[in-house]
Amino acid sequence: MLIDAEEYQRILGDELRKLRRSRGWTRKELNQHLQSEISLQTLATYELGTRQCSVVRLVELCVAMDELPQDLLAKVHRRVFLDEPGRVRVDLRKVVADAPPDLWPLRRWAEDRLRQAGEQGGGEIALDLPALERMAELCGMPTVDLIAHLRRYTSR
C-alpha cells in the first residue's frame with residue numbers, strides 16, 4: 001500500500017482545524033490551552049498540512065482539545081484509505097465528468113456502470129487491486145499511475 005505523504009499531512013491538518021473549530025476556538029485560544037508555546041503561524045501550517053508535527057506535538061494538540069490522538073488518526077486514516085485496505089474508492093460521476101483522454105476506457109466503463117445502476121444506484125465504487133490492474137492495462141499505464149489519477153475522483 002502506497003502512502004501519499006502530502007495528502008496524509010493535508011488531511012491531518014484539515015482534521016486538526018475541524019477539531020479546533022468544533023470547540024469554537026481560534027488558533028490563539030487553542031494556543032492558550034497548549035502545554036508548550038508555539039507560534040500561531042506554526043499552528044496555521046499544521047492545519048494547512050504544509051508542516052509536519054512531531055508525534056509529541058500531535059498528542060499535545062489532541063490533549064488540549066480533549067481528543068484521543070488515536071481517534072484523530074483514525075479519522076485521518078479513514079479519509080486517506082477509505083477504510084478498505086487494498087481498495088480505491090472512486091466516484092463514477094466525477095470520472096465521467098472529468099476523465100482526460102488517457103482515461104477514456106475508464107470513463108466509458110464508468111458511464112456503463114452508472115447506466116446499469118440507474119436512478120437507485122450509487123455513483124461510488126471500491127476497486128480492488130485486480131480491477132485496478134486490469135483498468136490500468138486497458139488505459140495503457142502502470143497501475144500506480146492509474147491510482148494516482150483516481151485519487152482525483154474520490155468522494156471526499
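Analyst: Welcome! Let's start with a term: a residue is buried when its relative accessible area is under 20%, exposed when over 50%, and partly exposed in between (1.4 Å probe, protein chains only). This is a predicted model, in which local features need pLDDT of at least 70 and side-chain atom pairs count only at pLDDT 80 or more, while totals for chains, interfaces and linings use all residues. Residues are numbered from 1 along each chain as its sequence is written, and side-chain values use heavy atoms, without hydrogens and water.

User: Which residues of helix 3 are buried?

Analyst: In helix 3, they are Thr42, Leu43, Ala44, Thr45, Tyr46 and Glu47. A helix here is a DSSP run of H or I with at least four residues (strands are runs of E, at least two), numbered from the N terminus. Among what covers these buried residues are helix 1, helix 2 (27-33) and helix 4 (55-64).

User: Does Thr45 count as buried or exposed, and why?

Analyst: Thr45 has a relative accessibility of 15%, so it counts as buried. Thr45 sits in helix 3 (residues 40-48). Leaving aside neighbours within four places in sequence, Thr45 is in contact (heavy atoms within 4.5 Å) with Thr50 and Arg51.

User: And Thr50: is it buried or exposed, and how do you know?

Analyst: Its relative accessible area is 61%, so Thr50 is exposed. Thr50 lies in the loop between helix 3 and helix 4. The C-alpha atoms of Thr50 and Glu6 are separated by 8.1 Å, although these residues are 44 residues apart along the chain. Just after helix 3, Gly49 takes a positive phi of about 80°.

User: What makes helix 1 and helix 5 parallel, perpendicular or oblique to each other?

Analyst: The angle decides. Under 35 degrees counts as roughly parallel, over 145 as roughly antiparallel, 65 to 115 as roughly perpendicular, and the rest as oblique. The axes of helix 1 (residues 5-22) and helix 5 (residues 69-81) cross at roughly 130° and come within 9 Å. Helix 1 and helix 5 are therefore oblique to each other. Axes are lines fitted to C-alpha atoms, for helices over the stretch in contact, and angles run from 0 to 180 degrees between N-to-C directions.

User: Which residues make the contact between helix 1 and helix 5?

Analyst: Helix 1 contributes residues including Tyr8, Ile11 and Leu12, and helix 5 contributes residues including Leu72, Leu73 and Lys75. By class, this contact of helix 1 with helix 5 has 10 nonpolar, no polar and 5 charged residues. Nonpolar covers Ala, Val, Leu, Ile, Met, Phe, Trp, Tyr, Cys and Pro; charged covers Asp, Glu, Lys and Arg; the others, Gly among them, are polar.
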